[in-house]
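Subject: Structure handover

Hello,

Here is the structure I promised to pass on. Please open it beside this email and follow along.

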Amino acid sequence: MTKVALIGAAAGLVGVAALALGYQAGRSDVVVASAVPEMSSTAASTTDRAEIEGIVRNYLINNPEVMIEVQTALTAKQEAAQKEASTEVISENRDKIFQSPMDAVFGNPKGDVTIVEFFDYNCGYCKKALPDMDALLKSDPNLRFVMKEFPILGADSTRAHIVAKAFKALMPDKYLEFHRDLLGGEGRATEASAMAIAIKLGANEAQIREKMLSPEVTKAFNENFELANSLSITGTPSYVVGNEVVPGALGADVLAEKISHIRNK
């Protein structure tokens with residue numbers, strides 16, 4: 001539990017105490033004014049505040065686990081609200097998320113379950129997740145895997161992804177091989193390294209560079225960034241599985257369980 005989280009929990013408890021203080025102060029003013037006319041309502045309120053703040057402070061010191069319980073409850077509530085919001089966004093943008101012609105599709109194009117992955121070619125966790133995708137595609141002939149390019153790790157990533165988009169548009173049948181080489185390669189993905197892979201796979205560099213200037217490439221990235229923002233996706237890899245946003249490199253086993261859950265609904 002971080003210091004910030006504990007402070008947030010404590011603030012919540014103090015807020016509750018403040019409500020009690022307001023109520024108690026309102027009652028005490030009447031009683032004190034009646035019994036001791038010369039005492040001002042301000043003095044009575046100050047006394048009550050000091051007393052209640054002391055009670056709250058002592059209680060929190062003696063029961064610090066309460067702050068953890070409050071923070072846990074708050075986190076669960078926030079996660080539930082975020083999940084509900086993401087489900088609504090997915091429902092309203094199903095075609096853009098699952099059926100965009102600008103995204104690469106691996107596996108079975110007509111598969112009964114689709115996994116959507118937001119990724120960056122320079123993301124270390126995306127590199128680790130590549131074997132997970134390969135394992136799932138190998139073991140599940142009815143799986144459809146959609147790749148959403150989401151370059152968020154600097155200019156090198158952006159330029160590498162632009163080359164990738166151009167290559168996919170010109171040589172879609174070889175894009176999976178290109179993807180594996182670039183994402184699975186050592187070192188940082190750059191425009192130069194992406195172009196070298198494209199040329200190795202038979203692409204014409206002049207055609208690639210011309211395609212890199214296409215408005216369709218910019219449109220594809222803009223759409224993916226808008227979707228990620230709507231889904232509160234800020235890191236890679238992040239997945240959309242069914243009606244759920246799942247962040248992080250979870251591993252093939254966890255993703256397989258989610259696929260099975262969707263099929264068994």
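Below is what was found in it, part by part.

This is a predicted model, in which local features need pLDDT of at least 70, side-chain atom pairs count only at pLDDT 80 or more, and totals for chains, interfaces and linings use all residues. Residues are numbered from 1 along each chain as its sequence is written, and side-chain values use heavy atoms, with hydrogens and water left out.

**Overview**

The protein has 11 helices and five strands. Both are DSSP runs, numbered from the N terminus: helices are H or I with at least four residues, strands are E with at least two. Of the 265 residues, 39% are buried. Buried means under 20% relative accessible area, exposed means over 50%, and partly exposed is in between (1.4 Å probe, protein chains only). The accessible surface is about 14800 Å². Carbon and sulfur atoms hold 56% of that surface. These areas come from the Shrake-Rupley method with a 1.4 Å probe; for residues, only the protein chains shown count as cover.

**Helix α7**

Which residues of α7 are buried? They are Tyr175, Phe178, His179, Leu182 and Leu183. They sit on the same side of α7, because they cover an arc of only 110° around the axis. The arc is taken from the directions from the helix axis to the C-beta atoms. The cover over these buried residues includes β1, β2 (113-119), α5 (124-139), β3 (143-149), α6 (155-170) and α8 (191-200).

Leucine 176 also lies in α7, which spans residues 175-184. Leucine 176 is partly exposed, at 24% relative accessible area. Setting aside neighbours within four places in sequence, leucine 176 is in contact (heavy atoms within 4.5 Å) with Phe106 and Met133. Leucine 176 and alanine 104 are 72 residues apart in sequence, yet their C-alpha atoms are 8.3 Å apart.

**Salt bridges**

Side chains of opposite charge can pair when their charged atoms come close. A salt bridge here is a side-chain nitrogen of Lys or Arg within 4 Å of a carboxyl oxygen of Asp or Glu. The count comes to 11.

Take aspartate 140 and arginine 263, whose closest N and O atoms are 2.9 Å apart in a salt bridge. Aspartate 140 is in the loop between α5 and β3, and arginine 263 is in helix α11 (residues 252-263), so the pair ties together parts 123 residues apart in sequence. Is aspartate 140 buried or exposed? Aspartate 140 is buried, with a relative accessible area of 12%. Arginine 263 is partly exposed, at 34%.

Next come aspartate 181 and lysine 200, a salt bridge with its closest N and O atoms 3.0 Å apart. This pair links distant parts of the chain: aspartate 181 is in helix α7 and lysine 200 in helix α8, 19 residues apart. Aspartate 181 is partly exposed at 27% relative accessibility. Lysine 200 is exposed, with 58%.

Lysine 258 and glutamate 244 form another salt bridge, at 3.4 Å from N to O. Salt bridges that share partners also join Arg159, Glu191, Glu205 and Arg209 into one network.

Serine 100 is in the loop between α4 (94-98) and β1 (104-107). Serine 100 counts as buried, at 9% relative accessibility. Its side chain makes a polar contact of 3.4 Å with the side chain of glutamate 223. A polar contact is a pair of N or O atoms within 3.5 Å; within protein, one must be able to donate a hydrogen and the other to accept it, and residues adjacent in sequence count only if both atoms are side-chain atoms.

Aspartate 156 lies in helix α6. Aspartate 156 is partly exposed, with a relative accessible area of 31%. A polar contact of 3.1 Å joins its side chain to that of arginine 188.

**Two backbone details**

Where is the cis peptide bond? It joins threonine 236 and proline 237, with omega about -5°. Proline 237 is in the loop between α10 and β4 (238-241). Serine 232 is in the loop between α10 and β4 as well. Phi of serine 232 is near 60°, a positive value in a residue other than glycine.

Best wishes
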